[in-house]
Structures are given as structure tokens and as C-alpha cells.
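Welcome! Please take a look at the protein below, and then we can walk through some of its features together.

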Amino acid sequence: MPWKAPNPIEIYKMLPKTNCGKCGEANCMAFAVKLINFEADVDQCTPLFEEEYKESYQKIKALVAPPVKEITLKSPQRTVKIGGEYVLCRHELKYMNPTAIAIDVDDSMDKDTLIKRLKAIENFSYEYVGRKLKLDLVALRSTSNDPKQYMKATQTVIENCTLPLILCSQDPRIIEAGLSVLNGKHKPMIYAATKDNWREMADLAKTYNSALTIASPGDLDTLISLTKTLTEDVGIEDVALDPGCFTGIGGLSYTIKAYTQLRYKAMNEGYKYASYPLIGTPISIWTKPHEDPVQKIMWETILSTIMITRYADAIIMHSLEGWSLLPLVIWRFQIYTDPRKPVAVETGLRVIGNPDENSPVFVTSNYALTYSIVSNDIQRSGLNAWLIVIDTEGLAVDVSVAAKKFVGDKVMEVIKESGLEDKVKNKILIIPGKAARVSGDIEEVTKWKVVVGPMDSSEIPSFIKKIWTPEKIKEILEG
Ligand code: SF4
């Protein structure tokens, strides 16, 4: 049976019902509603930790738990969550945790090369509709098969990169060498336990509190059997599954079917041995000996696209070329946006160029596309400016004006929170042409002069030339 959101009344009945407000909500009913909408975490209701609510706490946890377990990987600076999915099809709700992309480094690299690659992985960033799309994890492979060298490489990785780690080797001695330098300050993923090493890998995962990938490429029966043993008999909780990643006509078909089958069984049949995050290894294309590297990058990109589309919660790649990563991070972004909500960016004050007290102040909505176009148009014009992004719940300017979301109160919120009043001399707001009919409201609430800007932000440069002169500014302020 597919996951069904519990009724808030059902949750409410199990809460302490004291309306104490410790969760940040006015009352228990409001908290129950937030909980089923994934806007709150059950642990925010701290009274539930008391002995008398122990049973209720467990029951609520079970009711809101996703069919696919969520695993958290950590470095001292970063946290990456994988899995935690509730639905097979995005339109049924939304996908929760975007597929984490890990890029490999290996322990045979000299220190400079290793650091250079780590910096390239960590600094990869592509700005897309107001969001910074980035990579998530570093996968450290052992090609030396020398525990000491792996230990040294792990040390270099953690000193030069803040991303959480996947430690890759099928040799438990190598994995132990890597884990031993993490000092319990990280929660890495071990890749991987197989039918030949699972006992030793399970011991390491337990001793070092690590997540563990179970790999059985091309053999789903063994994958399920190992999962049953490691989770039920050995008691490892944070496991992920790798059914294998293959190319060629039969290989691609197997790959898609295996991932889909596992996820389908978790979501629609509640099959517990499939209810774990799925790990994909498009990097396996690099083990093919004689192919042209460009072909390999192309195949790795294709495999990664398939994996992101068909349920992989994390993938391990080798290619760091922009032309390979760019389509992947954009595709991932598209799949993992909430289909029920317009794409929004954070509200607040943005700085464009080097604005000072004489620079103009623009106002726009937090609909990602609008924000992206407006900020780009201002940047392209070479202006130094302030840009107020107000909370219109992700609606575009014209829609938010009609829905009464583009209002003076929202503009005032940002002015106050950002301290903009102390940053500029001329208290003038330039609002979009499409918001002309709320200019009076904005002026009344903020007490700033409001100028209605162009209908299309591409006209901002010519518009600003006309109105942003000392004479015109004086005229506006006195008008
Ligand atoms: S903390 Fe718990 S008991 Fe208190 S208001 Fe929130 S839900 Fe109710």
C-alpha cells in the first residue's frame, strides 16, 4: 500500500494537548497539522520525551516515518540526508532529499593533485533560478591497496574539504584505516559490504557508527539476503543498497528495472528489505579498459541521469567536467522541486555590485524565475543597487498583487530586518510596473517614496538613466 498521510486529528490525540508552545506553535493542533505537512519534526515537541508519553512518541514517529529510511551523512561542517522518500511518483506529494552527488578522489594521487581536485569538487557551483546548485559528497577510493596510504589520503581529504565522505573499498583493512582518522567527528558511508566481506564491514560500521552500503551488482536475491542479515541479525540500521549499474542494451535495462523494482517494493508493498536508500555507481563505466575518455564521460552522464530519474538517493561519479555535471544538477533540481509550490528563493535584501547610500532600491517577488530575471537585468546594466525580495509565497509579481501577497507589510519586513534604513540616504523604492496598483499601500506602510518601475525588467537600465539623477531624486522626495 502506498504511504498515506495520517489525519492530523489522529496525531493530535497522541500529543500532550497542553498547548504549551514549546514546539514553537500556538497549540498542539497547529503542530499536528505542521507535522503531517512536513513543516515540523516530531522531536520539536519536547514534552513527548517524558516517560508518560514514551509510547505516543513512538507511535507518532512510526506514523510519519517515510517508507524509505532517511540516512544522515556528516562532516563536522556539513550534513547530507539521503533517502527519506514517501512516494514513487513526484506528483503524489514531492521528493524529499535530492540525489546526493559524490565525486571520487583516490589515495594514489599526490597531495597537490588531491587537494586541487577536492577544491574543484567543493567549489563547483552553478546558479540557476536563484539557487546555487552544488555537489554533495567526496568518495575516497583506494587504488594503492595500502592502509597507510589510505589513512594519509583520508587525513588530507578531511583537512582540505568540508563535504561528508564515502569511504570506498571492499577491503575492510582499508576502510578501517580511513575510519580511524575520522575521530568520531564524521558520519561517513562505507562502500561497500558484499557477500565476501559483510561480517568485517558490519563490525566496522557498528564500531565507527557509519552508514553501510550493501552491494550486489546484478544479483538482487543476494542483495536482499544480505540486507536481511545485516539489518535483522546484525542490527545495522543505516544501510543503503546498490543493485549495480551496467551499460549495453541488457545492462541499461537491468539497471533501470532493478532500481525501479526495489523502490516500487518499498513504496507500494512495504517490503522492508527494499526500504533503504539506493546508491548508484555510474563511476563503474571507468573500469572499461579501452574506451575513449570522452565516451566514458558521456556514458557516465547518461547513467547518472537514469539514476537520478529512477530513484538513486546518491550516486558516485568520476567526471568533474562542467558539461557532464551541468545537465545533472539542473535535472536533479527540476525533479526535486515541490510540484505543489512555485519555486521560491529566500526573501531578504540582496546586494548587487557595490551599492552605497546613494544607490537605488528595487523591490521584487520571491518567485525564483522573477528574481533571477530581475537580478540579472540589474547586474547586466552595471548598476550598483539594493534589491528587496519580498515573501510572495513564490508567486510572480502580477499574481501576487492579485492575491494580495505583494503588500507594504512584506516590504517593511525586509526593510526592518535588513537595516536598510541606515544604509541608504534616499528613501525611495522602485517597484515593478506590474505592482503599480499597490504603490499607495507600500508608500503608506513604509513611509518611503514609491516610484513605479518598468513593466519589463529589461528596461531597468534606460529607466534608471531617466530617473536616477540628483534633480529627479530631489523631485521624487519632495513630491
Ligand atoms: S510542544 Fe507539544 S504539547 Fe506543547 S504545544 Fe507543541 S505539540 Fe503541544
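Two residues are in contact if their C-beta atoms, placed from the backbone, lie within 7 Å. In this protein, 65% of the contacts with a separation of 6 or more are between residues 24 or more positions apart. The model is a predicted one: local features need pLDDT of at least 70, side-chain atom pairs count only at pLDDT 80 or more, and totals for chains, interfaces and linings use all residues. Residue numbers start from 1 along each chain as its sequence is written.

**The overall picture**

- The protein has 17 helices and 17 strands; these are DSSP runs numbered from the N terminus, with helices being H or I of at least four residues and strands being E of at least two.
- Its C-alpha atoms fill a box of roughly 80 × 60 × 45 Å along the principal axes.
- Of the 479 residues, 41% are buried. Buried means that 20 or more other C-beta atoms, placed from the backbone, lie within 10 Å of the residue's own, while exposed means 12 or fewer and partly exposed means in between.
- The domain assignment gives domain 1 (8–64), domain 2 (70–336) and domain 3 (348–478), and such bounds come from an automatic or database assignment.
- Between the C-alpha centres of domain 1 and domain 2 there are 34 Å.

**Around the ligand**

- There are 14 residues around the ligand, and Cys20, Cys23, Cys28, Phe31 and Cys45 come nearest; a residue is near if its C-beta atom, placed from the backbone, lies within 6 Å of the molecule.
- By class, this shell holds eight nonpolar, four polar and two charged residues. Ala, Val, Leu, Ile, Met, Phe, Trp, Tyr, Cys and Pro count as nonpolar, Asp, Glu, Lys and Arg as charged, and the others, Gly among them, as polar.

- Seven of the nine residues in α6 (172–180) are buried, including Ile174, Ala177 and Gly178.
- Among the elements covering those buried residues are β6 (137–141), α5 (147–160) and α7 (198–207).
- α6 and α7 pack at an angle of about 10°, with axes 10 Å apart; axes are lines fitted to C-alpha atoms, for helices over the stretch in contact, and angles run from 0 to 180 degrees between N-to-C directions. That makes α6 roughly parallel to α7, a label for angles under 35 degrees.
- Pro172, Ile175, Glu176 and Leu179 of α6 meet Glu200, Met201 and Leu204 of α7. This contact has five nonpolar, no polar and two charged residues.

**Residues to find in the loops and at a helix**

- Lys94 sits in the loop between β2 (79–83) and β3 (100–106). Why is Lys94 partly exposed? Lys94 is partly exposed because 17 other C-beta atoms lie within 10 Å.
- Beyond its neighbours within four places in sequence, Lys94 is in contact with Asp338, Pro339 and Arg340.
- Ser418 belongs to helix α14 (408–418). Ser418 and Gly348 are 70 residues apart in sequence, with 7.0 Å between their C-alpha atoms.

**Backbone details**

- The peptide bond from Tyr191 to Ala192 is cis, with omega near 10°, and Ala192 lies in strand β8.
- Asn19 is not a glycine, although its phi is positive, at about 50°. Its place is in the loop between α1 (8–14) and α2 (28–36).
- Lys404 also is not a glycine, and has a positive phi of about 60°. Lys404 counts as exposed because it has 10 C-beta neighbours inside 10 Å.

Key:
Angles under 35 degrees count as roughly parallel, over 145 as roughly antiparallel, 65 to 115 as roughly perpendicular and the rest as oblique.
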